[in-house]
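Q: Could we go through this structure feature by feature, with the general idea given before each case?

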Amino acid sequence: MATTTTNYTFNKPAVGADTNLWGGYLNDNWAKLDNLLGGSTPLPLTGIDIDSGSIDGTAVGANATSTGAFTTLSASGLLTPACGAQLNDNVKATFGSGTDLEIFHDGTNSLLNIAGSGNVQVKADAENQDPVFVVKNTGTTQNSSAMMSFESDNAVGQNLAPKIGGIDGLFSIQMSDPDNLTAYADAIVVTPSGTTVKNTLYSAKNAEFRTSSDPTINAPNALFQARSAYAGTNIYLQTFKRSSGDVAGHISLSAGTTVYSTTSDYRVKEDVQDIDGATASLLQLNPINFRWTFSEERTNGFLAHEVQAIVPDAVSGVKDATHTYVDEDGVEHTEMELQGLDQAKLVPLLVKTVQELEARISALESA
């Protein structure tokens with residue numbers, strides 16, 4: 001008399017049965033095991049525990065033609081899921097010898113934690129015109145289509161984190177609106193027609209620097225435009241500073257006029273001397289009328305190198321100077337380094353000359 005196991009119907013002698021039956025039962029059971037693990041029509045296998053050995057290209061799980069293999073594992077350790085891999089919330093895919101890189105979803109946010117010491121790089125195999133890295137948002141307005149937000153766990157103020165967005169050819173960087181810290185105001189906006197940089201630190205948000213692709217004369221869309229919402233006097237549009245932080249000059253608005261100012265405070269001047277021979281120097285200058293080589297326009301002026309010999313500090317650069325450079329195709333080019341002339345430096349000579357002439361006239365009249 002024999003009994004069988006529940007799952008795979010292996011035969012075994014009943015208790016008290018003739019022990020001579022064991023040989024036949026063992027042969028039958030080994031045949032079933034061989035068929036189960038390696039035969040052409042294996043029995044259903046509900047579980048297997050492999051403590052050693054290797055699996056090379058073997059399908060694990062369902063292997064029927066209609067479902068395909070669940071996954072395969074090669075001898076080199078390459079795991080190949082046939083239908084993708086899905087991890088539950090807060091289950092991390094970890095890369096590196098430590099926790100250098102973790103990718104997971106915490107139930108609310110998709111997180112990429114990078115703790116490694118190296119750089120985070122996005123690489124393409126070859127140079128091409130297609131983007132290497134694309135950030136996409138399905139928003140339909142400028143603010144709702146933000147693609148990046150820069151945040152810190154150690155925020156000091158209450159301002160919103162700066163963010164970058166863009167839609168329909170527009171690129172923008174938004175910062176907290178100073179009048180409403182829960183809303184955003186544009187800081188930099190780039191469109192096909194121009195670029196605008198706005199001041200978002202104060203309520204005067206229409207203080208801006210703007211460039212345009214349509215430099216129409218005397219039009220709102222001039223090539224370069226600086227604007228301030230400040231309605232008082234001395235509206236500073238641009239300030240020039242030395243490396244020490246001292247102001248060297250500025251461009252400002254006053255009573256509807258533009259003021260180009262160079263620092264001239266007595267407190268930054270020393271060894272003050274009178275100008276000698278202003279009239280003699282002025283008489284050496286050679287005012288000319290000329291036409292530019294790059295246009296048909298004629299105008300009055302000077303030749304820089306001639307003025308340099310008489311009033312050196314009014315001229316920048318060196319006569320006939322050139323420099324060479326190599327373009328992206330490896331071709332070498334020679335380019336002129338043009339001299340410049342600051343005609344304002346001639347004004348003190350003009351004033352001193354008028355004074356010298358006036359003194360001579362007065363002397364002659366009183367003689």
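Q: Is Asn90 buried, partly exposed or exposed?
A: Buried means under 20% relative accessible area, exposed means over 50%, and partly exposed lies in between, with a 1.4 Å probe and protein chains only. Asn90 is partly exposed, since its relative accessible area is 48%. Asn90 sits in the loop between strand E5 (79-81) and strand E6 (93-95), and it has a positive phi of about 65° although it is not a glycine. Helices (H or I, at least four residues) and strands (E, at least two) are DSSP runs, numbered from the N terminus.

Q: What should I know about the origin of the model and its numbering?
A: This is a predicted model, in which local features need pLDDT of at least 70 and side-chain atom pairs count only at pLDDT 80 or more, while totals for chains, interfaces and linings use all residues. Residues are numbered from 1 along each chain as its sequence is written, and side-chain values use heavy atoms, with hydrogens and water left out.

Q: With which residues is Thr196 in contact, leaving aside its neighbours within four places in sequence?
A: Contact means heavy atoms within 4.5 Å. With those neighbours left aside, Thr196 is in contact with Ala187, Ile188, Val189, Glu208, Phe209 and Arg210. Thr196 belongs to strand E13 (residues 194-198) and counts as buried, because its relative accessibility is 13%.

Q: How many salt bridges does a search of the whole structure find?
A: A salt bridge is a side-chain nitrogen of Lys or Arg within 4 Å of a carboxyl oxygen of Asp or Glu. The search finds 4 salt bridges, and one of them joins the side chains of Asp274 and Lys352 at 3.1 Å, N to O. Asp274 lies in the loop between strand E18 (257-262) and helix H2 (278-284) and Lys352 in helix H4 (residues 347-366), so this pair ties together parts that are 78 residues apart in sequence. Asp274 counts as exposed at 55% relative accessibility, whereas Lys352 counts as buried at 16%.
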